[in-house]
Amino acid sequence: MNYTKDMREEEFYLIDLKSKFDKIKPNTYYLSYSGGKDSHFLYWFIKEYLKREDIKVVGINTYMEHEEIRNRIIENSDIVLYPKIKPNEIKEKYGIPCFSKEQDFYIYYYQNAIRKGKKPSKTIEEKIDGTYRTGFCVSKKARDYVKSGEAHKITHLCCYYLKKEPAHRFEKESGLKPILGVRSGESVMRKQQYKSCFSKNGKFTPIHDLSDELLDKIYKYYNIEIPEVYKYVERTGCMGCPYGSYKHDTEKELKLINKNQRKFVCNLFKESYDVLGIEINDE
């Protein structure tokens with residue numbers, strides 16, 4: 001298809017996206033499918049727009065998805081992967097998410113060193129103390145809590161063991177490289193990580209520069225199915241993850257899941273909920 005002056009923005013984007021896919025060998029890649037809005041857009045683009053059947057769709061059942069999202073993973077994936085370690089086991093061994101993925105990264109290594117009776121590295125200590133001069137430091141709230149000596153075990157590794165590790169295993173066994181529906185506008189860390197479609201380790205991130213506004217326009221213009229859960233929260237991930245607290249998505253999610261799920265999630269993330277002031281409603 002050629003560009004025309006009266007072409008809609010949505011059409012223009014899809015033509016440009018197709019040109020990115022034309023640069024890869026499809027049978028050497030797989031689509032990493034989470035059932036969420038971003039990866040489902042790529043699923044629709046591959047299956048409906050490109051009409052390709054030579055790209056495997058691989059989902060991961062983390063045990064923590066909303067039921068609607070989990071059902072989409074099972075229905076739309078050629079292969080469904082499972083993590084080797086479950087959420088409660090991750091909590092016992094490593095800890096749970098709390099403040100943000102970036103803050104929890106530094107907190108985890110700080111706490112890990114302290115527990116082993118070692119001195120944290122200078123960079124880690126400065127990130128925690130708020131004295132690191134050339135970049136990010138943890139918030140005062142996080143610093144005060146961690147330095148109090150009363151903090152629970154905090155980690156950023158939950159996502160790794162539930163999502164990334166199963167994918168890495170699959171990639172090693174299959175030799176396939178991932179197509180990821182990540183967008184750089186979603187976080188500061190992603191802006192730093194994803195600046196082009198291709199990374200050095202072979203990941204293909206074709207929608208890294210796609211804005212929320214344009215994605216919504218594409219969904220509407222092409223009438224792409226959107227799960228009901230998106231009527232209530234902007235993003236979906238693990239049910240009740242504390243990382244949704246800054247937009248109050250965590251509280252919204254707790255109202256969407258059933259009583260047994262809520263009980264499990266609230267028990268799993270209890271210590272972080274307490275610190276963050278997330279209210280638990282058992283009704």
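Predicted model: local features only at pLDDT ≥ 70, side-chain atom pairs only at ≥ 80, totals over all residues.
Okay, so Lys 51 is exposed, at 58% relative accessibility. You'll find Lys 51 in the loop between helix H2, residues 37–49, and strand E2, residues 56–60. What I like about Lys 51 is the backbone: phi is positive, about 60°, although the residue is not a glycine.

The side chain of Lys 51 has a partner too. Lys 51 and Glu 48 meet in a salt bridge, 3.9 Å from N to O. The cut-off for a salt bridge here is within 4 Å, so have that in mind when you look at the pair. Glu 48 comes out as partly exposed, because its relative accessibility is 44%, and exposed would take over 50%.

Tyr 63 is not a glycine either, and its phi is positive, near 75°. Where does Tyr 63 sit? In the loop between E2 and H3. Tyr 63 counts as partly exposed, at 35% relative accessibility.

While we're around H3, have a look at Asp 78, in the loop between H3 and strand E3, which is residues 79–81. Asp 78 and Val 58 are 20 residues apart along the chain, and their C-alpha atoms are separated by 5.9 Å. If you leave aside the neighbours within four places in sequence, Asp 78 is in contact with Ile 55, Lys 56 and Val 57.

Back to salt bridges, then. How many does the structure hold? The count is 20. I'll pick out a couple more.

Take Glu 225 and Arg 72, which form a salt bridge with the closest N and O atoms 3.8 Å apart. Glu 225 is in the loop between H10 and helix H11, residues 249–256, while Arg 72 is in helix H3, residues 67–76, so this pair ties together parts that are 153 residues apart in sequence. Is Arg 72 buried or exposed? Arg 72 is buried, with a relative accessible area of 6%.

Now set that beside Arg 169 and Glu 165, whose side chains meet in a salt bridge at 3.0 Å, N to O. Both of these residues belong to helix H8, residues 158–174, and they are 4 residues apart, about one turn of the helix. Glu 165 is buried, with a relative accessible area of 16%, whereas Arg 169 counts as partly exposed, at 22%. The line between those two classes is drawn at 20%, so the partners fall on either side of the cut-off. There's also a network: Asp 16, Lys 20 and Asp 209 are joined into one by salt bridges that share partners.

Okay, helix packing. Let's start with H1, residues 9–21, and H10, residues 212–221. Their axes are 9 Å apart, and the helices pack at an angle of about 100°. H1 and H10 are therefore roughly perpendicular to each other. From H1, the contact uses Glu 9, Glu 10, Glu 11, Tyr 13 and Leu 14, and from H10 it uses Leu 214, Lys 217, Ile 218 and Tyr 221. By class, that's 5 nonpolar, no polar and 4 charged residues.

Next, H5, residues 101–115, which I'd like to show you against two partners. With H6, residues 122–129, the axes come within 9 Å and cross at roughly 120°. That makes H5 oblique to H6. H5 passes H6 in a left-handed crossing. In the contact, Tyr 106, Ile 107, Tyr 109 and Tyr 110 of H5 meet Ile 124, Lys 127 and Ile 128 of H6. That gives 6 nonpolar, no polar and 1 charged residues.

The other partner is H7, residues 140–147. The axes of H5 and H7 come within 12 Å and cross at roughly 15°, and so the two helices are roughly parallel. This time H5 passes its partner, H7, in a right-handed crossing. Which residues of H5 meet H7? Gln 103, Ile 107 and Tyr 110, and on the H7 side they meet Ala 142, Val 146 and Lys 147.

Technical notes
Residues numbered from 1 in each chain as written. Heavy atoms only, no water. Axes fitted to C-alpha atoms, helices over the stretch in contact; angles between N-to-C directions. Parallel < 35°, antiparallel > 145°, perpendicular 65-115°, else oblique. Contact = heavy atoms within 4.5 Å. Nonpolar A, V, L, I, M, F, W, Y, C, P; charged D, E, K, R; others polar. Left-handed = near helix turned anticlockwise from the far one by under 90°. Buried < 20%, exposed > 50% of the residue type's maximum accessible area, 1.4 Å probe, protein only.
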